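Here is a friendly briefing to read with the model open beside you.

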There are 2 protein chains.
Amino acid sequence: MDDRRLVKLVGEIIGSERIEDDCAVLPFGEICLVVSTDMLHETTDFPEGMTDWQAGWMSVAVTLSDLASTGAEPRYLLLAVGLDDANRLSGIMQGARDCCVKYGAELVGGDVDSHSELTIVSTGIGSAAPENIVRRKGSVPGDLICITGTPGCAEAGLSGYAEHREALLEPKPHVREGVLLGRAGVSAMMDVSDGLVISLYDLMDVNDCGFSIESEKIPLPEGVPADLAHSMALYGGGDFYLLFTCSPSQYPVSGVDAVVIGEVTAESGVLVDGVPVEKRGYLHTWE
Amino acid sequence: MDDRRLVKLVGEIIGSERIEDDCAVLPFGEICLVVSTDMLHETTDFPEGMTDWQAGWMSVAVTLSDLASTGAEPRYLLLAVGLDDANRLSGIMQGARDCCVKYGAELVGGDVDSHSELTIVSTGIGSAAPENIVRRKGSVPGDLICITGTPGCAEAGLSGYAEHREALLEPKPHVREGVLLGRAGVSAMMDVSDGLVISLYDLMDVNDCGFSIESEKIPLPEGVPADLAHSMALYGGGDFYLLFTCSPSQYPVSGVDAVVIGEVTAESGVLVDGVPVEKRGYLHTWE
């Protein structure tokens, strides 16, 4: 069983519309609250050599990226920390606070617990005007497929390419870009944290169309042999760039650095250079 | 090092006013958002024999209790679940959903992860009019000390008293009571989840006064020998009743079942029958 199947099971219990996005979008008076929670823990999420400050930073960054992917502005953040060693708390909280400050959120509280394995759960609360909210659902055939950064960088960092180590350990969520893309009214959006190809599959799951991208248009991590860079860009996880679709008339979006990598098609399928690709990327699996 | 010392360290990083309560109270337009997050995991929080449904229920209940202790109405809940076994997810989510439904909250999302040890982090979002918010801070000498249930029941359940097993495994947060006490404007409030005496110490930490309670006024778990029941009531954890202080003129509060167990004093100290008691209850400790 993989985590996407488990999430479907959750949908049967709390409502299938609740699991279409990384965030819940909640009506709250005249605005929308956007909330997201993410669990990270040492063995699966924190690469070897990561400092406590970086673990705190990353925990917040992944949640801010989820909020950004809906076009929401981040407001508040809570951190629940399960500590294997009490001495780690200070570095973790400083990293978390610094990431919040950098992106305009406020770290307002949390919980501290002892745990056999360092486990950090961050919960973010953002807000947006209802008309600026972007979901995964909304792509239509003819839309452009765009990305705000170079996919594969974190994977390159994980594979030992020193110039990409920071992308792996101190990811920079595209908060400003998400807000601008929300205001511009792009048709669908998500972050590529599980990998580019699997994210296109995620978009296909909730959109009645296909996603066709072209190799030569995809930016690749520098300093990596071409074939490997190509594979990292398609299947590597850990990048917090935004993948979005928009009508050709909306592109480019003022103030947002992005590249067009393909087009939304009427026919279902995820294609690279016209050829269907397997659904592969970052997946938790359970036996 | 214990968790209260760690929380102080957190206060130095995110602001000391942020750690006075179990919840963060956040201005949001004309109302207040009240948010809280709690981490529970198998070895320390889920008693042997607990079902997955009960683990899900309890995880939500502790968070709803935190919200209730500020007078907030629960609105939304997120659950991050780290699973040692994927087959447990269904029961956990059903228990969480049922607890939400029972108390008027909506389970809107979360995260699913694999983990060596079952770990559940629930995050609650409530709301209240600013004038109805109650904090830990606010007690003044002469106030009555009151409690909305019988402390020690969960501890009795943990010790094998079958009639108290449900109090341990399926705690009932006093959501309705919290909202009514908030509207009534009681002076201070918190839940007694870590134990009655340690909660009085927590109140003393943020209030410039003392707390004196009388044994004979404290309701005791039934079916337990008197001395043991007394000790369980003072020091046992796991009960989700509300401890509050209010002026004598405010008592009783319409619609709220509570008993007066003592009085707020001008002089600092936590006294039982006029004698100072040690600060003891549920504390995580780290070496």
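Two residues are in contact if their C-beta atoms, placed from the backbone, lie within 7 Å. With that in hand, 100% of the interface residues of chain A are also interface residues in chain B, so the copies meet through the same surface. Please keep in mind that this is a predicted model, in which local features need pLDDT of at least 70, side-chain atom pairs count only at pLDDT 80 or more, and totals for chains, interfaces and linings use all residues. Residues are numbered from 1 along each chain as its sequence is written, while chains are lettered from A and ligands numbered from 1 in the order in which they are written.

**How the two chains meet**

- Across the interface, 45 residues of chain A are in contact with 45 residues of chain B.
- On chain A, the elements that each supply at least two residues to the side touching chain B are α1 (3-14), β1 (24-28), β2 (31-41), β3 (73-83), α4 (89-102), β4 (106-114) and β5 (119-128).
- β4(A) gives the most to that side, with eight residues.
- By residue type, the side of chain A that touches chain B divides into 24 nonpolar, 14 polar and seven charged residues. Here Ala, Val, Leu, Ile, Met, Phe, Trp, Tyr, Cys and Pro count as nonpolar, Asp, Glu, Lys and Arg as charged, and the others, Gly among them, as polar.

**Chain A as a whole**

- Chain A has nine helices and twelve strands; helices (H or I, at least four residues) and strands (E, at least two) are DSSP runs, numbered from the N terminus.
- For 287 residues, a compact globule would have a radius of gyration near 19 Å, and the 18 Å of chain A agrees with this. The radius is taken over C-alpha atoms, and the globule rule is 2.2 Å times the number of residues to the power 0.38.
- Along the principal axes, the C-alpha atoms of chain A fill a box of roughly 55 × 50 × 40 Å.
- Of the 287 residues of chain A, 59% count as buried. A residue is buried if 20 or more other C-beta atoms lie within 10 Å of its own, exposed if 12 or fewer, and partly exposed in between, with C-beta atoms placed from the backbone.
- Among the contacts in chain A with a separation of 6 or more, 85% come from residues 24 or more positions apart.

**The seven-stranded sheet of chain A**

- Seven strands form an open sheet with mixed pairing, in the order β7-β9-β6-β10-β8-β11-β12; two strands pair if DSSP finds at least two bridges between them.
- β7 (188-191) and β12 (275-276) of chain A stand at the edges with a single partner strand each, so one side of each has no neighbour in the sheet.
- β8(A) (residues 210-213) is covered on both faces, with Gly210(A) and Ser212(A) buried on one side and Phe211(A) and Ile213(A) buried on the other.
- Four bridges join β8(A) to the antiparallel strand β10(A) (residues 259-265), where Gly210(A) has Thr265(A) as its bridge partner.
- β11(A) (residues 269-272) and β12(A) are antiparallel and share two bridges, and Leu271(A) has Pro276(A) as its bridge partner.

**Strands around β2 of chain B**

- β2(B) (residues 31-41) is mostly covered, with ten of its eleven residues buried.
- Five bridges link β2(B) to β1(B) (residues 24-28) in the antiparallel sense, and Pro27(B) is the bridge partner of Cys32(B).
- The hairpin of β1(B) and β2(B) has two residues between the strands, and Gly29(B) takes a positive phi near 65°.
- β2(B) and β5(B) (residues 119-128) run antiparallel and are joined by ten bridges, with Ser36(B) and Gly124(B) as bridge partners.

**A helix and a loop of chain B**

- In α9(B) (residues 226-235), the buried residues are Ala229(B), Met232(B), Ala233(B), Leu234(B) and Tyr235(B).
- Their cover includes α5 (153-158), α8 (196-206) and β11 (270-272) of chain B.
- Asp208(B) lies in the loop between α8 and β8 (210-213) of chain B and is exposed, with 11 other C-beta atoms within 10 Å.
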